[in-house]
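Please keep the structure in view while reading.

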Amino acid sequence: MPAYTHHIKGMVCPRCISTVQQELTASGLQVSHVELGSATIESATPPDLDAIAAQLQSLGFSLLEDKNQQLVKQVKEAVAQVYSGEFDFPPQFRFSKWVAEKLSRPYDLLSAVFSAAEATTLEKYILAYRVEKVKELLIYTPATLADIAFRLGFSSEAHLSRQFKALTGLTPSYFIKIRKERKGGKG
């Protein structure tokens, strides 16, 4: 199982080590090592840094993120902004160019840092994010597949359907059926 070491500001004594160990363990995390200034957590996936930061803040400590973690967080926020369903896509939009300009970093660097930190490519993350958003919109809104394709930057309804089926193994119509069942059979 992979281990994730997080640096913590404000730990100054053995009691701090004990407090951090107890708090993180009580929250269900598998803590393998704690020392002044850091805690190592074993987990199959990266732990929720926001939740850990909130726990530590309540004890008077703060979680220090390294520059790569901050960059990954900014990239994820950019993905969420662009693929929210509310973004106004300009003609010939390319996420790679847009995010590089937004974060003032070369896209190759952003992609490499993201892949190293998240164990998946940025492109796969974006596609998975978009497909989850498609599911959400299909189930909880009356939006048509064509409208959703437009709102999420797919080149066409057919392109969305192919990507969706390839990633989920299901068709978008399956989720439309769920929406209709949720509404008691109504459109």
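In sorting lining residues by class, Ala, Val, Leu, Ile, Met, Phe, Trp, Tyr, Cys and Pro count as nonpolar, Asp, Glu, Lys and Arg as charged, and the others, Gly among them, as polar. The model is predicted.

By these classes, 7 nonpolar, 5 polar and 7 charged residues line the largest pocket. Its volume is about 570 Å³. The lining has 19 residues, and P46, P47, L49, Q69 and E118 are the closest to the pocket centre. Strand 1 (3-9), helix 2 (49-58), helix 3 (67-82) and helix 5 (107-118) each give two or more residues to this lining.

The second largest pocket holds about 360 Å³ of space. Among its 17 lining residues, Y83, F93, R94, F95 and R130 lie nearest the centre. Helix 4 (95-103), helix 6 and helix 8 each give two or more residues to the lining. The largest share, 4 residues, comes from helix 6.

Which residues of helix 9 (residues 172-182) are buried? They are P172, F175 and R179. Seen down the helix axis, these buried residues fall within an arc of 65°, so they line one face of helix 9. Their cover includes helix 6 (122-140), helix 7 (145-151) and helix 8 (157-168). Just after helix 9, G184 has a positive phi of about 75°.

Definitions and conventions
Residues are numbered from 1 along each chain as its sequence is written. This is a predicted model: local features need pLDDT of at least 70, side-chain atom pairs count only at pLDDT 80 or more; totals for chains, interfaces and linings use all residues. Side-chain values use heavy atoms; hydrogens and water are left out. Buried means under 20% relative accessible area, exposed over 50%, partly exposed in between (1.4 Å probe, protein chains only). The arc is that of the directions from the helix axis to the C-beta atoms. Contact means heavy atoms within 4.5 Å. On a 1 Å grid over the protein atoms alone, a cavity is a set of points where a 1.4 Å probe fits but cannot get out, and a pocket is an open set with protein on both sides within 12 Å along at least five of seven lines; lining residues have an atom within 4 Å of a point. Grid points are joined across faces, edges and corners, and a volume is the space filled by probe spheres set on the points.
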